[in-house]
Every structure is written in structure tokens, then in C-alpha cells.
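How do two chains pack against each other? This report looks at the contact and at what lines it.

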2 protein chains.
Amino acid sequence: MVSPSTDSIGSVGSVETRFLDLPGPLRLDCGDELPAVRVAYETYGTLSPERDNVILVCHALSGDAHAAGHSITPPDAGTRDGFAAERRDGAAGKALGWWDGMIGPGKAFDTDRFHVVSTNLLGGCKGTTGPSSINPNTGRPYGADFPVVTVADMVRCERAFLDALGIDRLAAVAGGSLGGMQALQWAVQYPDQVDAIVVIASTHALHPQGVAWNAIAREAIMRDPAWQGGDYYGTGHAPEAGMGVARMVGHITYLSASALTERFGRRLQSADDIRYTLEQPEFEIESYLDHQAASFVRRFDANTYLRLSRALTYFDLARAYGKGSLADALAGISARTLLIAFSSDWLYPPAASEEVRAALTAAGKPVEYHLIDAPYGHDCFLLEEARQIPIVRSFLEEERPA
Amino acid sequence: MVSPSTDSIGSVGSVETRFLDLPGPLRLDCGDELPAVRVAYETYGTLSPERDNVILVCHALSGDAHAAGHSITPPDAGTRDGFAAERRDGAAGKALGWWDGMIGPGKAFDTDRFHVVSTNLLGGCKGTTGPSSINPNTGRPYGADFPVVTVADMVRCERAFLDALGIDRLAAVAGGSLGGMQALQWAVQYPDQVDAIVVIASTHALHPQGVAWNAIAREAIMRDPAWQGGDYYGTGHAPEAGMGVARMVGHITYLSASALTERFGRRLQSADDIRYTLEQPEFEIESYLDHQAASFVRRFDANTYLRLSRALTYFDLARAYGKGSLADALAGISARTLLIAFSSDWLYPPAASEEVRAALTAAGKPVEYHLIDAPYGHDCFLLEEARQIPIVRSFLEEERPA
């Protein structure tokens, strides 16, 4: 394992989100095509003359293109999940990227060696074409007309975007959660174009309880009358009530029960005693949930949430590529695979990563798996940076040195 | 352990829910008092001449007074939770009680020996005075004016109800989940009036994650515009959308992840493949959640749900009676205690029962604890009857034989 010396670790500094319009339409799994797609992106580090040092990092459900450094783009409330949300730099205009601890000089994705590219996902609400974008066919936001996209569609969009940048091959694709699904999808969909994948706190197919949590979160949004079937833009009403509930559900699934106990216990808001109230938060954890819901609603679009949530429940490599066999689905990949899971993650539990490892091993593919014993649940992929850095650095040593 | 012979096990037969009006007002923890309280109840077995063979069984959040036998009361959609909901007798007018497997001749609560009494909780919506009852001061349903009640208030109501029946002492108080909280509360609140308590899948204080799930469920209801601050009766609108989401959240917390995997896996509704839909259920588990939500909304009142959910999060014996020490809180009880927990119950995890056991042991109180290894989660208390019966029967052997 390679431990970076402390003084070599730094920030990528100030960054700006840029935008690229794909040159042609994008075909989707559902059969539709999007006539015009804009992609929001950031890059960190220097592209080699051979264009062979590119790492694509893929964000999770509520992320955006701003993965590292301080944004000089107008600030929003930040894009980190759960406890990780509190780690962002609160100063106006200086919001830290959602994976700043992992991307930079001397960090896991070392910008002294690699050119790191981060895009906002297809269907997103942070600059890449999504439900809140203008539909060129109508001149109004897509709303309900925006198609149901898949992880494969997101990766197809990323492929088209990199084509437009003139980047053929990727040294690595990396991500956690839904981002890890994209990394796996890349390895399966474009086996000759990616050398390595880093799949953190992710899975080849979300387990049924995870499918249920996502369904409940979507129901909370779609049952809110303000959702209006998805056509709420410009009406003066958005499904903020339902989005708040969806966020609360998500939030609790991102954290472990023991982390909640350690952090909040059963402490009351009032120093004295209970106040016999339904509508006011009474326990600290209730107040925390209210706060998280309110801040998420301000920064995220409900129709994007619905589509990304649906995409991550649909994702199922064995079904899509192996007629039910994960080993068959992975038989064609050529990328080296790094899997990292966290002991307390019950939304993307270690068992899922172990299934991927077993399937890759059965298919004779190189795979490295690390189970990190850590208490915070799924959010560990954003919080446990110090322990992931040496693992990822060591794994990426084999890629082309800068 | 006593194993009942099969041929001695039977049903309590057809039963009818009856009603009793308390003779006076009921004082509540919040400082209010309810001027008139009606209690819905059922009884099974014969009251001894000495009135010393009474077992009070207490229901959980969504239960009612119909605990055993076939109801001759007009049927509703049943009162069992989770997978247990499917175990009820579907024939019109013959709905099985929610604990029918445990109550009857030769069963855990043996009606050949005991007179079993079951009431609908204070604040309920199944015949006992609750938010949907008429407020005698206004002539209209209480709605928002119904107070926030506590587990202690529920027990105070049960005490007043038994007084009215002329029953001074209880051979036992028994219940699962919120019902188990009532049993613990009885032992603390009326230490000289209860000989034994049977506390199943319950706790002395819900853990923070459980507090969070309950808060989310209540938020889903209260954020539904149809809730109208609680005054929705007679308006033609009820918070059915929010109640459905609340029920879905509850439902998933009642079951284990592995039970969901075993039962539903990732099977699709459509035999062919995904249909790229947001609004239609796509996975079997999504369809199941929809169905559970729809059937719950038809049979349960949202304002009752809010109050019972709040009561079970407030419940905290150490805070209320021990200045933070559970052992101090339990120091005054004289009842023998039976605790049963289930290995896969993550809403009321075994650790909570073990804390009660430790505190009772520290206080020198008799306590018996059984951890049952079973896969269904919190719902085990309604499903794993065969394994609970010998434990409960053996524990109750020491009580007065009929």
C-alpha cells in the first residue's frame, strides 16, 4: 500500500463547472432518444499528451459535477449526503466538492498523475440535461415528458461526452453507490475502453429492501399533489413536502443505527421534558431530519430524484447481461476491479460486493476487495476517506504513471 | 417447558367487541383530561369467582380489541401487520383476531385457565375514544383537539376500565411492541396490581433509528394537505396519500431484509422485462407495498396513527422514572417478567430486551429472557406463535391455576 506523505496532499483549488453540448442525439434504453444533451462537467489535473491518464468519477443520487476543490460557480446548499453534508465548506461561493477528500494532489485520485473528469448525470438537475431542462420540441421544461433513463443510458451519455472531448480510453472509472454502478456498467458496456474500475459501497443489483426504500421515497414525491404528474415547473408549486419525506427516508438508510445512537441518542430538543406535541420536533434527531429535508428541497429537483432512484433500482447486471447469471454478465469485462465495502452499510451491504468479487473470480477476472470496518453506514464512502486513499492509490499504481 | 397436546388447542370461537363507558373523566400526562372515555373490549375464557385469573393483552400500533377468535362484528380489513396481515381469515365477518394463535384453549394465554381481556387503546380508532370520536364539548369529532397521549395514559385508561369491571389485580399483562411497552408501564405504574408481565419484541425506550422512522411516518401524514392540521373529518378528504407512505415505511421496518429477499427477491411484475415507468409498480415488492398501503388506509385513522406513533417514541422508562437510570426506574416493580426478543428484529432489537433484563437483574427482580432465532423481523411476534407458546405457557404456570 502507498501512503501519501502529508505534505504532498493538497486541493485542486478553485474550479468552475463547464458545459458541453453533445454533437448528436442520445439513444436511450427505453427506445426514445434525446435530441439535444448538454453535459455539466469539471476536470482536475492535467490531460497527458497521449490522453491516457483520464479517470472518470461518477456521482451518486444527489451529487453533481462538482467533485473536488472550491467551486467558483454560484453556491448552492452542497451535494454531500447524510453526515457528510456537514463536512462541506460552508463559506459562500467556496463549497467543497463532494469527493474533495479523495481527489487532488497526493490523494486517492491523484491529480499529479491523473486527469480526473466528473460529470453531472444524465437526467440530473445540476447542468446536465434532465427533466427540468427545456425540451427543444416544445420550448418548455420536459417535466413528465422526460424519459425514464437507466444506468446504461447515463454511461452512454458519459461515453458520448468523452468522445466529444477526444478521450477514447479511461485509465479508470470510479464511484460510490449509484456512481459505483456506473463504473461496473462501463466495464461491461465498453470492455475495451476502460482499464480499471473502482466500485465503492455499491452493488450489481440493489437488494429488495433497498428497492422498497427507493419505492417509498418516490411514492412520497408522486403522492404529493404539488408534483402534478411531473409538470410542476412554472406552476408556483413543487412537491417539496414529498421530497422532504423522500430525503428523510434516504437519509436514515445512508446511516447506521449505531451512528444515529452515538450522534443523537434520545436527546430532546427541550432541556426540560417532552412537550406533548405532534407538529414540533421533539427529539434532536427529528429536528435534524427536518433540517436535512428543508435544505435538500432547496437544492434538488424532484423529477431528477425520481429518475435516478428508478435507474438505480432497475440496475441489474445479471438480468441485463447474463440471463440471471452475474458471472456470465461479467465474463466479457477486461478492466481490473477494485471493490470497497463498509461493514455498517446496510443499504449497499458488503454481501453485494462479495457477490461481485465471487462472480469476477469465477470468470477469471482480476479483482481486489476491501471490507472496511467503519460505523457510519452507507455514508462511509464519503466519510472514510483516510482509509480509502491508500487502498485506491495502491490499486491505481498499476495504471500508467504520469 | 410445557407443550400443549395438539388436541387441547382450540379457538375461542365467535366473539363480539363490547363497549364500556368509564364512570369519570380521565386525567392525562399532558395536563388535560378527557371528560368521557368509551373503551372497546373483548374477553375470552371465564372470570374466576375470585377474579384473580385475568390477563390483559395490549395491542400494538395498528391493532384493536379483537385479539382472538372470529369476530361477529362487521369485518374490516383486519389488524395484523406485515406478513402477518396475510394470515387473517379472509371470510367476511370471520376475521381472526390479531393474536389468535396465542390466545385460546391450550394456547399461550390459555383460556381454559385465564380470563383474557383485550381493549382498544386510548386514542384508538376501533371503538375506544380517540381523535375521530365526538368531542362532547363541541358535538364534532375531536380532530386536532384530541390530546397527545402517552403509554402511561393508555395504561391509566386500562386501569380505569378494569376498575369498572371490578377487576383489581391482574395475573399478567402481555403484549408485543407498543403492547409490550404497556406491560412494562403497568409493572412500574401499578406495582402491587400485576403479578407478571410478558413483554415481547419490545423495549424500555425506542432507539434513535426507530424514533426517526416514526418521525418520518408522521411527517408523511402531516405533510399531506388533506390532513388539514388534523381536522379532516367530514371534509371529504383524508390524508390517505400520506398514510399510505407512513404504512409503507412501517411495513418495511417490521420485516427483515432477508425476509424481503426470500419472499420477493427482485422479481418484476412483468414477466418480460422492465417497462421504464415511474408511476406503475415494476417490482413485486413495489406492488406489495401499494397493496398494503391501500388496505391500511381503508381501515385506520391517520390521527390515531399519529398519536400512537408519538406515544411509542415518547416512552422512556429511565427518563420518566429513574432520572436516566433504567435499573432505578424498575426498582419498584414486583411483577415477574418474561422477555422475548427475535434475532432478526431490527426495529425492537434484542439489545433492548437485554437492557431490560440487565436492569431487572441489577435491581434483584425475577426475569426470564428468551431470544428466538427467527428470520421475519419485528413481525415475528405475530408470526412465530409456535415457538412462543411453550415459553409463555411455562412462564404462566406459576400463576394461579384455574
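In this predicted model, chain A and chain B bury about 5,000 Å² between them. Carbon and sulfur atoms account for 67% of that area. In chain A, the residues that lose the most area to chain B are A:Arg266, A:Tyr276 and A:Leu278. Together they make up 17% of what that side buries. The contact draws 61 residues from chain A and 61 residues from chain B.

The interface holds 6 salt bridges. One of them joins the side chains of A:Glu286 and B:Arg310, at 2.9 Å from N to O.

Which elements give two or more residues to the side of chain A that touches chain B? They are the helices in this table.

| Element of chain A | Residues |
|---|---|
| α3 | 208-222 |
| α4 | 240-254 |
| α5 | 257-263 |
| α6 | 284-299 |
| α7 | 302-314 |

α3(A) gives the most to that side, with 11 residues. By residue type, the side of chain A that touches chain B divides into 34 nonpolar, 10 polar and 17 charged residues.

Note on methods
Residues numbered from 1 in each chain as written. Chains lettered and ligands numbered in written order. Predicted model: local features only at pLDDT ≥ 70, side-chain atom pairs only at ≥ 80, totals over all residues. Heavy atoms only, no water. Contact = heavy atoms within 4.5 Å. Buried area = accessible area lost by both parts, 1.4 Å probe. Salt bridge = Lys/Arg side-chain N within 4 Å of Asp/Glu carboxyl O. Helix = DSSP H or I, 4+ residues; strand = E, 2+ residues; numbered from the N terminus. Nonpolar A, V, L, I, M, F, W, Y, C, P; charged D, E, K, R; others polar.
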